[in-house]
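User: Could you walk me through this one? I'd like to talk about sheets and charged pairs.

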Amino acid sequence: MEKEQIFTLRDLRIRPYDPTSRVAQEFPGFELIEENRRDFVLFKALSHLAVAFTVVNHQYGDRRYRTRTRQCYVKVYDSKTYDLVVEKAFTVTMSQFQEEMEMRVDVPITADKVVNCREYWVSVESEQDGVEDCGKMIRFFRISKTLYRYFHLESAYIKVADDDTTHYRSVEGQREGQKYILWRFTKEKSGLMDDCPEMRVRVRSVKGHMWDYYTEAHSGSGAFWLDDPNMDTDKLTLVYTPITEGMTNDDICYVELQCLGYPVASFFLDCRHTKQGEWKINELPLITSYHQGDDDSVNRVLSHLDKIVTSLDDTIAGIHKKMDTLVGLPEVKHKLDRYSNTMRFFMQRRLEGLPELTMPLHAVFMGAPGTGKTTVAKMMGEMLSGLGVLSKGHVVARERSTLLGQYYSSEGENTLKALNEAQGGILFIDEAYQLYQPEDPRDPGRFVLETLMTALADENKRDWMLILAGYTEPMKKMLDCNPGLRSRLPETNHYFFSDFSGAELMEIARRYLTGQGFVLSAGASWMLEEVLEHDSQHRTKAFGNGRHVMNMIQTQIIPAMAARLATIAKPTPEDLSLILPEDIPAPTTTNTPRRMGFQHAS
């Protein structure tokens, strides 16, 4: 005879925690335990599983029973070995006046008891018949092996049902047809189907609505699915349930992709109009300034959407302003101006959903030391980041010695490390011609160039820029002898940094001294101008241009000034600021005639 059913357990939710987390501090804290989540980070301080569920009383209102009690257990099984990992006993007690109640049971468990990526079955069981079991599969992932190991996000776009060819950046909220958001990944990470942690897409409307969509467990159905990695395609696509409910033509939604609870990428879905195109990886940064719920949230979102376009002009204007602060370099400024306008043109086309255009990104900077090559590289990184071409815009500087390393044959590893550090920004290799030693076929520099050539040929990795820098003639020789390298660094992207004249060197000195609160006396100004003109006229190949000026100020003029003022007990602010003729060093003496060949002739 079947025994009478007393309780039913349902809505099982699980959340691992450590002693410092909110789940540990707030009890019962049901709102902190998400309903649909099954994958979690395996952190070293793991101490418990918070297991929450709803108990339904089947004898609610039955006067024959006042209080019923049952002994139950939470058990965690290893799904691979079927071994019991841990269990925790608890008691369910309900009166006839309780229809249902929420319960939370904290099960002790530590990181050494679970295995990375393995599935565990969490079951709630009754000691006696009458309680319906409920269970759930969970997994743990070490965070260091997760976000960048399992997938590489490339783009996101909106798709409308029955239209497989058109990609949209935004779609009107009430447009007919179901709408999907698709996230495209490059097929370069193995195990994406079997080991990929679940992902969640959170959609938050500025009107207050919120939707969460989770991946399902390898079933290929439900909220998400991934293309079969065994198919003959170089892309993997993550798709989620149609986003039609509750959206109107005046709505704007913040869309965020999460992995294991960590945000990965985000964008704003503007339901006010339809626009073709895709959100590229450079346009999917986390928008940390967005917070739902404030009265001005709509205005902030609209402002952000407007800035996607207006920031193009602001970015270019800011770069031009910084370029104007640089002394000399008329040819570089003109070329950078044309380059920024072209990039702005491409970005505007992409925002309007027109076919995308691209141009070679990688460049060569030619000129003597101290002519501003590194400074311009930093400005270029900032500009390309603002235009959405690079996701970060930082500059990673390297030279032959740091790429070759201490041991022979380590150059490939060092170069790949530099390339990884430069992802999203610029890899700047100074004195790059030193990597090319044709008279020595065993020179390890050629392995660096080969590694760079392989990286330049990889069309799937465009979120980086290479700048090779060095003296003009040696750089030209290296490119002439390496057609493959020259083809990927076309002449349109060759920037020539001319030597500074004596007047330009003086202007560099004036700007620096003024910025540091120094004043040149009339005699000191005349003498410094004569010294810099002399040094400019008698420069050697090793002449440092702007670096020469800075070295003179920091290692000669200021120390001479300090020595002079050491005899004054209480120097005045004017004394501490005024540079006199005796503080200016004598011209650099050299018998070398003026060098003519290192000036670039336009």
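**Charged pairs and sheets**

Analyst: Bearing in mind that this is a predicted model, I would start with Arg38, which counts as buried because its relative accessibility is 9%, under the 20% cut-off.

User: Which residue does Arg38 form a salt bridge with?

Analyst: Arg38 forms a salt bridge with Glu119, and the closest N and O atoms are 3.2 Å apart.

User: What does Asp39 pair with?

Analyst: The side chain of Asp39 makes a salt bridge with that of Arg139, at 2.7 Å from N to O. This pair also links distant parts of the chain, as Asp39 lies in strand E2 and Arg139 in strand E9 (residues 134–141), 100 residues apart. Asp39 is buried, with a relative accessible area of 0%, and Arg139 counts as buried at 2% relative accessibility.

User: How many salt bridges does the structure hold?

Analyst: The structure holds 16 salt bridges. Another one of them joins the side chains of Asp480 and Arg486, at 2.7 Å from N to O. Here Asp480 counts as exposed at 52% relative accessibility, whereas Arg486 is partly exposed at 22%.

User: Which residues do shared partners join into one network?

Analyst: Salt bridges that share partners bring Arg38, Asp39, Glu119 and Arg139 together in one network.

User: Switching to sheets, what is the strand order in the one with E2 and E9?

Analyst: That open sheet has five strands in the order E2-E9-E7-E4-E5, and its pairing is mixed. Strand E2 (39–41) and strand E5 (84–95) are the edge strands, each pairing on one side only, and neighbouring strands are turned by 25° against each other on average, direction ignored.

User: How many bridges join E4 to E5?

Analyst: Eleven bridges join strand E4 (residues 67–78) to E5, and the two run antiparallel; Arg68, for instance, has Met94 in E5 as its bridge partner.

User: What about the sheet with E21, parallel or antiparallel?

Analyst: The pairing there is parallel, in an open sheet of five strands ordered E22-E23-E24-E21-E25. Its edge strands are E22 (395–398) and E25 (494–497). Strand E21 (residues 363–367) pairs with E25 over four bridges, and Gly367 stands opposite Phe497 in E25.

Terms used
Residues are numbered from 1 along each chain as its sequence is written. This is a predicted model: local features need pLDDT of at least 70, side-chain atom pairs count only at pLDDT 80 or more; totals for chains, interfaces and linings use all residues. Side-chain values use heavy atoms; hydrogens and water are left out. Two strands pair if DSSP finds at least two bridges between them. Axes are lines fitted to C-alpha atoms, for helices over the stretch in contact, and angles run from 0 to 180 degrees between N-to-C directions. A salt bridge is a side-chain nitrogen of Lys or Arg within 4 Å of a carboxyl oxygen of Asp or Glu. Buried means under 20% relative accessible area, exposed over 50%, partly exposed in between (1.4 Å probe, protein chains only).
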